[in-house]
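These are my notebook entries on one chain. I set down what I looked up, in the order in which I looked.

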Amino acid sequence: MDSVDAAIVHELQKDARLANKDLADRVNVAASTCVVRHRALRDRGVITGYHAEIDLAAIGRPVQAIIAVRIRPHTRAIVGPFMEYALSLSETLAVSHVTGPDDFLVHVAVADTAHLQRLVLDGFTARREVAEVHTNLLFEHVRKHTVPAR
């Protein structure tokens, strides 16, 4: 990945809806060069998708939490299906399989704390493989929008 590719990645992380001509102007290359480079970045798997950022409060899900889950037994036969289950929940924003005292961190967005309580009790602790759950409310969630390409 050279400096032109890195510049294209950087600009697209800031605004994935940029027209090719505008992107080319920002990275100081010809539009034809830019479109070829952009396509190559997608083909190589550097750019894996384009996403809209949503205001969760505007869609009725202003409360966010991290649910730390410990499963037993911690085996492949349980990990995969649990990950699929957690991702299938409409409240789930992201799932991370982690090391340490917990096995999963599930980032959720819900309407209110009563909704969160139902999700924890009915969606997680009622499952046979779930041994322990800890929930942390998020006061604020700030996401970094660009990652420097090397």
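This is a predicted model: local features need pLDDT of at least 70, side-chain atom pairs count only at pLDDT 80 or more; totals for chains, interfaces and linings use all residues.

Residues are numbered from 1 along each chain as its sequence is written, and side-chain values use heavy atoms, with hydrogens and water left out.

**Entry 1. Domains and annotation**

I looked up the division of the chain and found domain 1 (3-44) and domain 2 (56-138); such bounds come from an automatic or database domain assignment. The centres of domain 1 and domain 2, taken over C-alpha atoms, are 37 Å apart.

I then consulted UniProt, where an unreviewed entry lists "domain: HTH asnC-type" for residues 1-62. UniProt positions are given in the numbering used here, feature names are shortened, and annotations may be inferred rather than shown by experiment. Over residues 1-62 I read 53% helix and 0% strand, with 39 Å between the end C-alpha atoms. Helices (H or I, at least four residues) and strands (E, at least two) are DSSP runs, numbered from the N terminus.

**Entry 2. Salt bridges**

I took a salt bridge as a side-chain nitrogen of Lys or Arg within 4 Å of a carboxyl oxygen of Asp or Glu. How many salt bridges does the structure hold? I recorded 10 salt bridges.

I examined Asp25 and Lys21, whose closest N and O atoms are 3.2 Å apart in a salt bridge. The two are separated by about one helical turn because Asp25 and Lys21 are four residues apart in helix α2 (residues 20-27). Lys21 is exposed at 54% relative accessible area, whereas Asp25 is partly exposed at 46%.

I next examined Glu53 and Arg143, which form a salt bridge at 3.0 Å, N to O. This pair links distant parts of the chain, 90 residues apart: Glu53 sits in the loop between α3 (31-43) and β1 (63-71), and Arg143 in the segment after β4 (130-137). I noted Glu53 as exposed, with a relative accessible area of 54%, and Arg143 as partly exposed, at 46%.

The salt bridge between Arg127 and Glu129 has its closest N and O atoms 2.9 Å apart. Is Glu129 buried or exposed? I found Glu129 buried, at 11% relative accessibility, while Arg127 is partly exposed at 24%. I also noted one network, in which salt bridges that share partners join Asp2, Asp5, Arg37 and Arg44.

**Entry 3. The largest pocket**

I worked on a 1 Å grid over the protein atoms alone, where a pocket is an open set of points at which a 1.4 Å probe fits, with protein on both sides within 12 Å along at least five of seven lines, and lining residues have an atom within 4 Å of a point. Grid points are joined across faces, edges and corners, and a volume is the space filled by probe spheres set on the points.

The largest pocket has a volume of about 1,100 Å³. I counted 29 lining residues, of which His51, Ala52, Glu53, Arg143 and His145 lie nearest the centre of the pocket. The elements that give two or more residues to this lining are α1 (3-14) and β2 (92-97), and α1 gives the largest share, four residues. Domain 1 and domain 2 each supply at least three residues to the lining.

I sorted the lining into 14 nonpolar, nine polar and six charged residues. Ala, Val, Leu, Ile, Met, Phe, Trp, Tyr, Cys and Pro count as nonpolar, Asp, Glu, Lys and Arg as charged, and the others, Gly among them, as polar.

**Entry 4. Backbone and loops**

I looked up the peptide bond from Arg72 to Pro73 and found it cis, with omega near -5 degrees. Pro73 is in the loop between β1 and α4 (76-88).

Asn28 is not glycine, yet has a positive phi near 60 degrees. Asn28 lies in the loop between α2 and α3 and is exposed at 69% relative accessible area.

Ser90, in the loop between α4 and β2, is exposed at 56%. From Ser90 to His74 I read 24 Å, C-alpha to C-alpha, at 16 residues apart in sequence.

Asn136 belongs to strand β4 and is partly exposed at 46%. Asn136 and Ala68 are 68 residues apart in sequence and 8.1 Å apart in space, C-alpha to C-alpha.

Notes. Buried means under 20% relative accessible area, exposed over 50%, partly exposed in between (1.4 Å probe, protein chains only).
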